[in-house]
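The tour goes from strand to strand, then steps back to the whole sheet.

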Amino acid sequence: MRPVKIHIVSLASSEEGTHPSEYTCFGRMTEKDGKRYVFYEEKAEGLEGVKTTLKWDEEQVVLLRSGALDHRQEFRKGLKHLSLYKTPYLKIPLETETSYLYTYSRDGVWHIELHYTLAQDRQPYGKMKILIDIEEHQDGH
């Protein structure tokens, strides 16, 4: 596994406006059977200490979280994915509908772009844009 630096920009748009968040973390990357995997610990507010696995190919991205919460989200253009966001205190049904997914590598950096709508317990929550850049990191941070 290779050490990587992961930069994530998230834009959540709802009736109240757009809420951006941005953070950088470090993890490890590997490839197996035509799919790429990145393993890292979350740094976003409220997700500290959650272990995340990001798995992708050209058509699909899967986000797996475990620890203080458990959640599995699947993204594929046109896919409406139902999931359960589980914390020690409650379980929240989520629906993700992916409108855009693009993965590519340029100059040794992987780029993942996701656009989707999110509904919480069948109520519209908003539109999301996630931009993820993954680059090999020599220092190991």
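Strands here are DSSP runs of E with at least two residues, numbered from the N terminus, and two strands pair if DSSP finds at least two bridges between them. This is a predicted model, in which local features need pLDDT of at least 70, side-chain atom pairs count only at pLDDT 80 or more, and totals for chains, interfaces and linings use all residues. Residues are numbered from 1 along each chain as its sequence is written, and side-chain values use heavy atoms, without hydrogens and water.

Select residues 61-66, strand S5, together with residues 71-75, strand S6: the two run antiparallel and are joined by five bridges. Val 61 lies opposite Phe 75 of S6. Next, go to Gly 67 in the hairpin of S5 and S6, where four residues separate the strands; its phi is positive, near 125°.

Thr 52 has Arg 65 in S5 as its bridge partner. This pair is also a hairpin, with four residues between S4 and S5.

Move to residues 17-32, strand S2, and residues 35-41, strand S3, an antiparallel pair with six bridges. Select Thr 30 to find Tyr 37 of S3 opposite.

Finally, show the whole sheet. Ten strands form an open, antiparallel sheet in the order S6-S5-S4-S3-S2-S1-S10-S9-S8-S7. Which strands stand at the edges? They are S6 and S7 (80-86), each with a single partner strand, so one side of each has no neighbour in the sheet. From one strand to the next, the twist averages 30°, with axes fitted as lines to C-alpha atoms and angles taken between N-to-C directions, from 0 to 180 degrees.
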